[in-house]
Amino acid sequence: MLLRFIFFCLLPFMISAAPLASAQSPLSLSIDQGRLVLTHSALGPSKLRSPAEGLWSIGTGWSDDAPTDWHHGGPDQVEQRGPWTIATGTVATADGTWEIRDQYRVTPQGAVQAKRRWHYTGAKPSGPVVLSVRYVVDSAAENAPQPFLPGINYYGNPSGTRIDASRVPTWSGRPGEEALYEEHRYPLPFAAVEQSGQFVAALHTRPSRLPFAAREDLWWSLGLVAGEASTELTLRSGPTASNGKRGVVKARQTMFLPYERAHLVDIPPGAVIEKQFMLQLTPAPVQGHGFRVPLWTSIDWFDPRTDRSLPHPADVMAAKLVDTFDRWHEDDRCQGFRTRPPGTRPWIMMGWADRAEVPLRALLGMDLRPYTNQPDLWKQRAAASLDFLTSAPTRKASYGVGFPIVYDYQTHRWLERQNPLSQAQALNGMMDAITESDHPHRDRWMDFVATQLDAIADRVLKADWRPVSTNEAFAIAPLVKGSRYAANERWMEAATKLADHTIDRHLDMQEPYWGGTLDARCEDKEGAWAALQGFAAMYRATDDPRYLRAAVHAGDICLSYLYVWDVMLPPGRLADHDLKTRGWTSVSVQNQHLDVFGVVFTPVFWELADWTGDPRYREIAKIMFVSCGQMTDLATGVQGEQLLQTNYEQHDPRDVVEGMRGDYAERWNIYWITAHFLTAAADFEKLGVDWRSF
């Protein structure tokens, strides 16, 4: 009860997406005796500062995937030019001297804009070199700040680490631990730490490739280093580290691979290298919400928007309907939309990830005349598909009872495959079809759905019920919709218990949202989406601001997987199409490729703009919906699942990272990719939003 009271009192702060800019920033920056110190007027002694050894650090030599020597220095001169504080000085190394110039400007938005310039003045080309940007926050061992690395590490990845620490980036905070990842692995390029209930500190970067690199396609790395009584936010010119090992990257679904020679070398005399970054220090009074300030700072810095280089939504939707029509399967025992690519399993599959239940709502609700000369036939087929899907038997499962989600149309049998996540997603799609159409078979479909919602309510309302992960939150939305349609108070009681459990369990981020992706049992965006979808349904039904606050939190976690910038891609399939990565989402802390899943979030983000008064959610919805249409074959509608923007590849058994980045797994064109576009378009039309104009 105390937690809920505190939460209600802080509700106005937690609903707004980000603090408003003020005429005078509460930040104060000073450089004294060679040390930079950043303070905030509301934080007392808490500060972000340069390390004790110096404002500047340069590593030389190379052994065991790290520099063998570090050289430090501080400014000889500090001057003020308008709003800019400029510090200049040198760092001497064995190869020669580096002249360094920093410039800092405190912005009214509550951040420090910065640029560092290194000028090598040695007489001959350098040996191995690692340049760095380093700032630290003090941290007691018993209450160390928790990491927030977008798309990579969420407050230590406690669930993924517990299940299989070899598959996810981990963080213990033990002195000497390093968490350094390539910039292109970050959807929003910042590293942050949140001190529980006190402050959040962040280092933002403008990602860039490095010149004079010892290995191909070398970028800056960004992350954290744990000290004895501090946590360092850092940029390095190449070196990576994770899970207690240096010189590795998360490159496969189940493993890390070596990433060697990640340094600069043979830098010629006179060479200049520059790096843009930002620093942030701000109060974070609500535990688990501090990440939202640097999140929105990053969104504002990169300001991802649509433009004419992206595909037209109407063209993409036409292609997605071609793909839907091509997937029709009919014989004397079943009717439906096959969901796997040709030559793979002969399945009609509901819920995650195939979504065979989606076409009904979309096809019944859309004007199909621009897309086919047989619109009535396709509406009849859509209804027939749901007639068949709702004939699935109800069976016992380890968690209670449910229905099989997979039908094999070659052997003509329902397979022994069921899980609460996929069932809930399928029921949500069915409820949309039932409530948004006037088809005469609605009562037949509702009989099936009611049986399943009764079973879910029976399970959730038991005194000892506790879901394994956030996955059962997918049941909130169909329970709410079913309750409103059938006036069933028990379903609403179950939805409320599920939603409140999700709030109590996840909003403080002691256990971040996780488990919404069946092949990655870890912190993931789908777990956050389960919560967002459910909280939004509860808010629509109740107008209770607790659920709006929760929806904003879960929505912002979803956004932490959103690429807000365009990654420069090497030659390959993605570069062939001049792919823009802004608007795409990475999957989870385990599966770090791009996919189009985030398209299905976009109508809820549109609603968040209305509910919170923050129009940025609407701009984000547009770029996500439009950008993710890239790589769609406009003739066939085929679009692959996995785009490799970073050094990660899910299925190829290669044992080196070279050649991964920039590839495209086109062959895995599973139906959910199309279904999410149809679902989003239908949701937008329900809201009265013209998605064709995005």
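Modeller: The model is a predicted one. Let us begin with A353, a residue of the loop between β25 (347-349) and α6 (358-365).

Colleague: Why is N157 called buried?

Modeller: Buried means under 20% relative accessible area. N157 has 0% relative accessibility, so the term applies. N157 sits in the loop between β12 (153-154) and α3 (158-164), and its phi is positive, about 50°, although the residue is not a glycine.

Colleague: How do you know whether M509 is buried or exposed?

Modeller: The relative accessible area of M509 is 1%, and the cut-off for buried is under 20%; M509 is therefore buried. This residue, too, is not a glycine and has a positive phi, of about 65°. M509 belongs to the loop between α11 (489-506) and α12 (525-542).

Colleague: Why is α8 described as largely enclosed by the rest of the structure?

Modeller: Of its 16 residues, 15 are buried, and therefore the description holds. Helix α8 (residues 420-435) spans 22 Å from its first C-alpha to its last, close to the expected 22 Å.

Colleague: What makes N419 a cap of α8?

Modeller: A side-chain oxygen of N419 lies 3.2 Å from the backbone nitrogen of L421.

Key: Residues are numbered from 1 along each chain as its sequence is written. This is a predicted model: local features need pLDDT of at least 70, side-chain atom pairs count only at pLDDT 80 or more; totals for chains, interfaces and linings use all residues. Side-chain values use heavy atoms; hydrogens and water are left out. Helices (H or I, at least four residues) and strands (E, at least two) are DSSP runs, numbered from the N terminus. Buried means under 20% relative accessible area, exposed over 50%, partly exposed in between (1.4 Å probe, protein chains only). The expected span of a helix is 1.5 Å times one less than its number of residues. A polar contact is a pair of N or O atoms within 3.5 Å; within protein, one must be able to donate a hydrogen and the other to accept it, and residues adjacent in sequence count only if both atoms are side-chain atoms.
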